[in-house]
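Hello,

I am passing on the structure we talked about, so that you can look through it alongside my notes. Please keep it open while you read what follows.

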Amino acid sequence: MTDKKVELVSLQKMKKNQTPITMVTAYDFPTARLVDAAGVDTVLVGDSLANVVLGYPDTIPVTMDEMLHHCRAVARGLQRALLIGDMPFMSYNISIPKAIENAGRFLKEGRVAAVKVEGGGWVAETVAALVQAGIPVVGHLGLTPQTASMLGGYRVQGRDAKSASKMLDHALALQQAGAFALVLECVPARLGKLMSQKLAIPVIGIGAGPDTDGQVLVFHDLVGIEAGFTPKFVKHFAEVGNQMKQAVEDYCREVQKRSFPSKEHSFSISDEEFAELEKALN
Ligand code: KIV
């Protein structure tokens, strides 16, 4: 890893050199600093903010203002990684002018370098308009959580030749429209590999097998902060959630026993000053 800031072209170069691209989600300043220092190439403020951090049941309710608030916090924590903001449901689907206005807010107020939108050929015109307006775009195909109900729920996509071939056509339409990368979620590994080979733009997989141009995981899944259901494609690289819970339990116990704070974590006043205080009070 170099200290050089990751730019849009860096991802293209990494694909060309077959250097796997790392992407992770972040939703706040301390996490942004941590993942940046760890050397991740790209950070996504995913609309998974909704369910992972804000406690909504899915990604549908999260608003533009909520997304921008978290993008700003993450942007303040990054020095090297490229920041991408996820456009929430209905922020790019109503009309092209509205999509440009909202995507523009991501760059101007959220300080992201690019936005991500879900969908295939049917959003290609919007993608082209955003790119023409100077807004870099990442596509998202396969399992698209904003429209999961129309896909039959949270399930693997592109398992038959017809739907796999359609997905490739949609990806090519996004590429043609000017998307500079594609997130590919929850598809068979062989389709992940094929699509990475067929597309000129980098394909960042999540549950799309080992042969995509890069990988993305949700931060909380990666470090093992449990938020309910764990999909098959998630690997916990740590069990930080257990450690955090243990730490809070230990804190409560020590407070209850009055063993925290100890002298080590307390401030002193000289005997003379304290005697004077007592005298004044008496
Ligand atoms: O919102 C999100 O976190 C995402 C990633 C899982 C790709 O879209």
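**What was found in the structure**

Of the 282 residues in the protein chain, 44% count as buried. Please bear in mind throughout that this is a predicted model.

The protein chain holds 11 helices and eight strands, and its C-alpha trace spans about 85 × 40 × 35 Å along the principal axes. Among the contacts with a separation of 6 or more, 58% are accounted for by residues 24 or more positions apart. The chain exposes about 15,700 Å², of which carbon and sulfur atoms supply 56%.

Turning to charge, there are 29 positive and 31 negative charges in the protein chain, and their mean positions are 8 Å apart. Side chains of opposite charge can pair when their charged atoms come close, and the count of salt bridges here comes to eight. One of them joins R105 to D65, with the closest N and O atoms 3.0 Å apart. This pair links distant parts of the chain, since R105 belongs to helix α5 (residues 96-108) and D65 to helix α4 (residues 64-77), 40 residues apart. R105 counts as partly exposed because its relative accessibility is 24%.

Another salt bridge is formed by the side chains of D86 and K116, at 2.9 Å from N to O. Here too distant parts of the chain are linked, with D86 in strand β3 (residues 82-86) and K116 in strand β4 (residues 114-116), 30 residues apart. Are these two residues buried or exposed? Both D86 and K116 are buried.

The side chains of E101 and K98 also meet in a salt bridge, at 3.5 Å from N to O, and both residues lie in helix α5, three residues apart, which is about one turn of the helix. E101 has a relative accessibility of 47% and so counts as partly exposed, and K98, at 34%, counts as partly exposed as well. Salt bridges that share partners also join D65, R105 and E109 into one network.

V248 lies in helix α10 (residues 240-257) and is partly exposed, with a relative accessible area of 48%.

Finally, F229 is found in the loop between α9 (219-223) and α10, and at 68% relative accessibility F229 counts as exposed.

Best wishes

Note on methods. Residues numbered from 1 in each chain as written. Predicted model: local features only at pLDDT ≥ 70, side-chain atom pairs only at ≥ 80, totals over all residues. Heavy atoms only, no water. Helix = DSSP H or I, 4+ residues; strand = E, 2+ residues; numbered from the N terminus. Buried < 20%, exposed > 50% of the residue type's maximum accessible area, 1.4 Å probe, protein only. Contact = heavy atoms within 4.5 Å. Areas by Shrake-Rupley, 256 points an atom, 1.4 Å probe, with all protein chains shown as cover. Lys, Arg positive; Asp, Glu negative; His and termini not counted. Charge placed at Lys NZ, Arg CZ, Asp CG, Glu CD. Salt bridge = Lys/Arg side-chain N within 4 Å of Asp/Glu carboxyl O.
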